[in-house]
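Student: I've got a model open and want to talk it through. Can we go feature by feature?

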Amino acid sequence: MTTLLQSFIGGRWIGAQPAQALRSAINGETVAHTHAEALDFGEAVDYARRVGLPGLLALDFQQRAARLKALAKYLGERKEELYAISAHTGATRVDGWIDIEGGSGTLFSYANVGAGELPSGNLIHEGPALNLGKKGLFGGTHILVPRGGLAVHINAFNFPIWGLLEKFAPSFLAGMPCIGKPATATSYLTEAMVRIVNESGILPAGALQLVIGSTGDLLDRLDGRDVVTFTGSADTAAKLRVHPNVVRHSIPFNAEADSLNCAILAPEVTPDDEEFDLFVKEVAREMTVKAGQKCTAIRRAIVPRQHLDAVAERIAARLAKVVVGDPSVEGVKMGALASHAQQADVAERVALLRQDAEVVYGGGAGFAPVGEGTANGAFFQPTLLLARNPLANSAVHDVEAFGPVSTLMPYDGVEEALQLAARGQGSLVCSLVTKSPETAATMVPALAALHGRVHVLDRESAPESTGHGSPLPVLKHGGPGRAGGGEELGGLRAVTHLLQRAAVQGSPTMLTAVTREYVRGGKVTETGVHPFRRHFEEIQIGESLLTASRVIRDEDVHAFGHLTGDMFYMHFDDEAAKASPFGQRIAHGYLVLSDAAGLFVVAEPGPVLANYGLDTLRFVKPVAIGDSIQVRLTCKRKIDRNKKDANGNGQGVVAWDVEVKNQHGELVASYDILTLVAKKG
């Protein structure tokens with residue numbers, strides 16, 4: 001019995017009549033049908049704007065982060081259902097782990113980004129504020145706010161779950177309802193995941209819609225508030241980028257396209273080095289994980305000419321040990337390509353590559369995947385090619401076989417290696433396997449110009465390296481040129497890409513009101529109660545305390561120096577200090593910092609639970625022996641973490657602006673102090 005896939009549009013599942021049959025990559029049997037019903041994309045867009053957007057913006061960054069965390073946990077509880085379906089895509093358990101648990105892991109990562117780096121509310125102050133006038137009465141800064149639009153995510157077939165979730169997570173944090181369109185070949189796995197998401201009830205209505213099949217006139221219905229992201233072929237990306245409506249409304253378009261990524265074996269590495277084996281292992285792994293169907297897979301292995309034969313022999317020997325077949329059979333290490341169409345495409349492209357390259361391993365002779373019914377599956381033998389004259393061979397730098405295929409190519413000298421890498425015309429990732437820091441320092445800057453990520457591998461990093469082909473949520477994913485020129489992931493960067501940046505000008509008081517972050521020079525509030533005696537809910541932005549003054553005495557300097565061991569001459573040697581730019585002995589900067597804390601800290605127990613950090617510390621002007629200091633402590637911003645301690649008591653974070661001035665009213669030290677503050681409840 002096959003599954004009839006449905007789209008999830010306008011808050012309901014649509015699809016009752018079967019259309020295109022989708023076949024199992026393992027045995028060719030039909031596992032699902034797309035639906036025949038045409039979708040009303042006007043309804044989808046309207047639902048996203050009318051229902052999804054208000055629902056998302058009723059939550060703030062912190063609350064949306066909490067929803068992501070809850071969703072990640074929920075998907076983790078239902079993951080075995082997804083693994084069972086994933087097997088039809090040809091994925092082994094390891095392949096499925098990358099897609100399924102990699103997807104939920106990305107949700108966790110962005111939940112942490114939201115909880116740790118984003119404020120309460122729906123506005124980010126991208127400071128610092130700048131003084132634009134002579135008297136400090138006029139300033140400017142930048143803010144980031146939700147765009148007020150929706151995100152359309154068009155994904156490739158190779159990662160049906162991760163591909164959507166890695167785009168959904170930052171979009172959701174940014175307050176954008178999403179319409180996901182998976183590649184049809186493996187859409188049955190995406191549909192299963194979206195059903196689980198919908199059943200969870202965790203997301204607001206309209207936060208995520210699903211399109212099975214064509215996008216029809218969806219892009220025609222978008223405007224400048226919206227964004228479009230695409231993962232897939234460079235040719236399709238180029239067509240979508242110039243879609244008339246996308247161009248007309250200047251709709252942000254982010255492409256992550258397949259590219260001819262490379263790995264380079266550095267010239268100083270010999271067959272006796274551990275790095276040599278690391279290179280061989282990395283190339284073979286990238287050929288066989290997901291059956292080579294990764295946009296980050298190594299397509300070109302660039303090696304010193306003198307080691308070409310040794311590399312070829314070792315990779316071929318490693319590939320010969322890889323058992324290909326039905327992943328349910330014990331011992332199978334590589335499954336099938338995602339579809340029979342993909343199998344035919346890879347075969348066609350390998351034929352093009354073989355016109356100018358010889359086969360080192362593979363080629364199809366005697367290849368028989370293990371398992372019942374696999375003769376009808378979409379399997380392809382791992383194939384290692386060799387282009388002996390790669391500078392004169394254009395095909396290996398232009399044609400990508402999106403499967404278990406890689407081409408060896410020799411180089412003579414570092415400059416030639418860099419030249420070959422550049423022939424890829426822009427890639428997602430390059431690996432440099434080297435044992436020399438000098439080689440890395442020379443080659444990485446050149447490689448970075450044409451690659452979105454540079455993975456440097458040596459024996460030191462190998463035990464913890466996540467590998468050439470693993471995009472990480474905290475690091476940028478994307479690349480220039482052929483790779484699409486886009487940028488995804490990267491932690492907070494991905495969220496801010498989806499927000500609207502605006503410059504704001506006004507008085508410090510007005511900037512404080514807009515940004516919900518105190519801007520120096522703005523009006524402050526003095527309640528008569530020490531701010532450290534007030535609970536999180538009671539403290540207001542701009543609430544301030546001006547402390548008493550304290551004289552920095554010579555005996556204080558000596559005591560601090562002997563206590564800490566900091567006996568720097570500027571604090572103790574009169575003659576040497578007179579010859580310095582300051583012309584006299586000065587107090588330790590950290591003595592000033594400590595004495596400042598002594599002026600504003602409350603000794604008795606109270607709502608302030610802990611001080612866990614200083615930000616933006618600057619010692620602006622020296623403090624001489626005999627100078628006095630005074631502190632202005634002002635609530636700069638508040639972040640409600642929506643967390644409770646072991647006793648069930650709520651907490652929030654308060655950042656305090658600290659200005660330390662001398663007896664002349666001159667700023668001598670400036671910093672932010674972060675405190676954990678209890679709530680009343």
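**Cysteines, helices and salt bridges**

Student: How far is the sulfur of Cys 262 from the closest cysteine sulfur?
Tutor: It is 3.6 Å away, in Cys 430, which is too far for a bond. The cut-off for a disulfide is a pair of cysteine sulfur atoms within 2.5 Å.

Student: How many disulfides in the whole structure, then?
Tutor: The search finds zero.

Student: Before we go on, what kind of model is this?
Tutor: It is a predicted model, where local features need pLDDT of at least 70, side-chain atom pairs count only at pLDDT 80 or more, and totals for chains, interfaces and linings use all residues. Residues are numbered from 1 along each chain as its sequence is written, and side-chain values use heavy atoms, with hydrogens and water left out.

Student: Back to Cys 262. Buried or exposed?
Tutor: Buried, at 0% relative accessibility. Buried means under 20% relative accessible area, exposed over 50%, and partly exposed in between, using a 1.4 Å probe and protein chains only. Cys 635 is buried too, with a relative accessible area of 0%.

Student: How much of the chain counts as buried?
Tutor: 54% of the 681 residues. The chain exposes about 28,200 Å², and carbon and sulfur atoms supply 52% of that. Those areas come from the Shrake-Rupley method with a 1.4 Å probe; for residues, only the protein chains shown count as cover.

Student: What box do the C-alpha atoms fill?
Tutor: Roughly 90 × 60 × 50 Å, taken along the principal axes.

Student: And how many helices and strands?
Tutor: The chain has 20 helices and 28 strands. These are DSSP runs numbered from the N terminus: helices are H or I with at least four residues, strands are E with at least two.

Student: Take helix H13. Which of its residues are buried?
Tutor: H13 spans residues 414-422, and its buried residues are Glu 416, Ala 417, Leu 418, Leu 420 and Ala 421.

Student: What covers them?
Tutor: The cover includes strand S14 (262-265), strand S15 (300-304), helix H12 (395-398), strand S18 (405-411), helix H14 (437-448) and strand S20 (451-457).

Student: What share of contacts links residues 24 or more positions apart?
Tutor: 74% of the contacts with a separation of 6 or more. A contact means heavy atoms within 4.5 Å.

Student: Let's zoom in on Leu 123. Where does it lie?
Tutor: Leu 123 is in the loop between helix H4 (93-117) and strand S6 (124-125). Leaving out residues up to four places away in sequence, Leu 123 touches Phe 61, Ile 143, Leu 144, Val 145, Val 514 and Thr 515. The C-alpha atoms of Leu 123 and Arg 516 are separated by 8.5 Å, although these residues are 393 apart along the chain.

Student: Sheets next. What is the order of the open three-stranded one?
Tutor: S1-S5-S4, with mixed pairing. Strand S1 (3-4) and strand S4 (18-23) stand at the edges with a single partner each, so one side of each lacks a neighbour in the sheet. Two strands pair if DSSP finds at least two bridges between them.

Student: In which sense do S4 and S5 pair?
Tutor: Antiparallel, over four bridges, with S5 covering residues 30-35. Ala 21 has His 33 of S5 as its bridge partner.

Student: Switching topic: how many salt bridges?
Tutor: The count is 39. The rule wants a side-chain nitrogen of Lys or Arg within 4 Å of a carboxyl oxygen of Asp or Glu.

Student: What does Asp 46 pair with?
Tutor: Arg 50, with the closest N and O atoms 3.0 Å apart. Asp 46 is partly exposed at 37%, and Arg 50 is exposed at 52%.

Student: And what about Glu 604?
Tutor: Glu 604 forms a salt bridge with Arg 533, closest N and O atoms 3.0 Å apart. Glu 604 is in the loop between helix H20 (589-600) and strand S25 (608-619), and Arg 533 in the loop between helix H16 (508-515) and strand S24 (544-551), so the pair ties together parts 71 residues apart in sequence.

Student: Arg 553 and Asp 556: what is the N to O distance?
Tutor: 2.9 Å, in a salt bridge between their side chains. Arg 553 is partly exposed at 41%, whereas Asp 556 is buried at 12%.
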